[in-house]
Every structure is written in C-alpha cells, then in structure tokens.
Amino acid sequence: MDAVFKALADPSRRDLLDRLYAKNGQTLGELCERLDMTRQAVSKHLAVLEGANLVVSVRRGREKLHYLNPVPIHDIAERWIGKYERHRLQALSDLKKGLEEEQ
Amino acid sequence: MSEPVFKPNTVYVTYIASTPDKVWDAITKPEFTRQYFFGHSVEVEQRVGGRYVLRTADGRVHVQGRVMVCDPPRTLSITWLVEGLDDFRKLPECLVTFQIDALEGAVRLTMTEAHSWDIPDAILSGGRQGWPVILSSLKSLIETGKPIIVKMAPPKEMLEAVKQAVGE
C-alpha cells in the first residue's frame, strides 16, 4: 500500500495515469508525445507505477502496451469506505457531476 | 476469412496471498464465483472448445462462451458473450483471459479483456466498473474467507452505447 501512495504522490506520474485513463493500452512512445519529459524519465515513472501495480504492461508482438490498473486503488477504497458510505459518496459524486455539467 | 485479431483493452492485476490451485478453483467452481461474482455461478468444461456459462442466482444465462485455452492452474481463456442484457448478444464476442502466475508466497492474477473490433470506451465502462470489484472481492474471499459485497447496476452510458453499436 505504501508503494501506491508513493507512486501517486508525484504529479508527473498522476499525469501518466490520466493519459492511460483517457486512452488505455499505450506504448512508451505514445505516452512520451506532447510531454515535457525525457523518454528515460517517463520510463522511470512507469517503472514506479508498475512497481505499485497501478500500471500493467503487456507485450504484443514487438510493442509493449501499458494499461491502467485501478485494482489497488479499489482495495484501498474498500479498506476505509464501508457499505453505508458508498451510496452517500455516490450520491455526492453524482450531485457534483450534475452541478458541474449545468455550468 | 482470417481469424480475428484480438487486442487487449482492459488489463487488471491483483496479487493474492494464495496458491495457483486455489485461485484456479475460485475462477472455475460455482461455490466460489457465487460469492464474489455478483452471485453468478460458473459452469466450465475444462477443455478447449468446452462451454463456459455464468448463471444468475435465478438460473438465467448471463454470460456464455467457449474455452479457447485451458491450462490449469495457469491459463483460462474464454470467449465472452453477455446474454443477460438487451442487445449485447449482437455485439462481437470478446476474449477474457485469466492468467495465474506463481510467485514466492503469492499469486499474480491477471484478467485481460480483448476485442476484435474498435470497441467504444462507453461499452468498456461496464467491465471497467465491474472487474476491479470482482477481483478485489475474489482476493478478499481467498485471503480472508469473506467476499466484498457491492451492489452495482450496469452504467447507463454503456447500455446506450451498445444500443447504438448494434443499431449501426
């Protein structure tokens, strides 16, 4: 669990997760596009994310594709969010979304 | 016609403090799936070409498929067709693979959902909402004897996207 929090503590790594959330299954090359980071830096961040099991890589032919893995975040949520809070949180989240869409 | 090429669109990994045999049983035996897979019972003929069915608690077929790879206790790959929701049976089958890797004192379970067509994200959202819950619950069941119970409805955007995809 420490590895997950440590991995999430860095804005560049959260940015990479956002990119995979927007488009899953990207290569290192695709992830480097329009980023102010060197290939090596992106590769290092991906290794930290993989170490925390937040990113999973799959070999497909000559390509290595990266996938967002939300399972550890779900495990963390399960630890502190009980069955009663879930519905309230969902309602709040829906309300927030609804209000933001109205703007 | 050539065989369709399946590209993974969703890949989830969970580490479970258990053995490959126990995780294999959890995936292939109804007494386990009933507890962590939204109450569904699995029926699987463990051979290539065998039938795979997920049945709801009231006996209806929810998912149906064929076994493509069966290598216990390592790999189970099945075609996956959702029968339990309107319009879904008109979609191309997807390929679901469970890969079990033994590590020291733990097991790495990888679930891959692969598709042979350019599937919209909205349709993927159902699996992306469901699988993390299913895998967390499976992990919890094996490690602690207790599954995680989460009630969930299929996302609206997914149902609309499926309707659109089959209507085209």
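**Close-up 1. Helix H2(A) meets helix H4(A).** In this predicted model, A:Ser12, A:Arg13 and A:Leu16 of H2(A) are in contact with A:His45, A:Leu46, A:Val48 and A:Leu49 of H4(A); contact means that C-beta atoms, placed from the backbone, lie within 7 Å. Helices (H or I, at least four residues) and strands (E, at least two) are DSSP runs, numbered from the N terminus. The residues of this contact divide into four nonpolar, two polar and one charged. Here Ala, Val, Leu, Ile, Met, Phe, Trp, Tyr, Cys and Pro count as nonpolar, Asp, Glu, Lys and Arg as charged, and the others, Gly among them, as polar. The axes of H2 (residues 11-22) and H4 (residues 39-51) of chain A come within 10 Å and cross at roughly 80°. Axes are lines fitted to C-alpha atoms, for helices over the stretch in contact, with angles from 0 to 180 degrees between N-to-C directions. The two helices, H2(A) and H4(A), are therefore roughly perpendicular, a label for angles of 65 to 115 degrees.

A note on reading these views: residues are numbered from 1 along each chain as its sequence is written, and chains are lettered from A and ligands numbered from 1 in the order in which they are written. Because the model is predicted, local features need pLDDT of at least 70 and side-chain atom pairs count only at pLDDT 80 or more, while totals for chains, interfaces and linings use all residues.

**Close-up 2. A:Val55 and its neighbours.** Not counting residues up to four places away in sequence, A:Val55 touches A:Leu20, A:Leu46, A:Leu49, A:Glu50, A:His66, A:Tyr67, A:Leu68 and A:Asn69. A:Val55 is also among the residues with the most contacts inside the largest nonpolar core, which has 55 residues. Such a core is a set of buried Ala, Val, Leu, Ile, Met, Phe, Trp, Tyr and Cys residues joined through C-beta atoms within 7 Å. Helix H3 (residues 121-144) of chain B gives the largest share of this core, seven residues.

**Close-up 3. Where chain A touches chain B.** Chain A brings 12 residues to the contact and chain B brings 13 residues. On the side of chain A, H5(A) gives the most, with four residues.

**Close-up 4. B:Val67 in strand S4 of chain B.** B:Val67 lies in S4 (residues 61-71). With 18 C-beta neighbours inside 10 Å, B:Val67 counts as partly exposed, between buried (20 or more) and exposed (12 or fewer). The C-alpha atoms of B:Val67 and B:Gln46 are separated by 7.4 Å.

Note on methods: Contact = placed C-beta atoms within 7 Å. Parallel < 35°, antiparallel > 145°, perpendicular 65-115°, else oblique.
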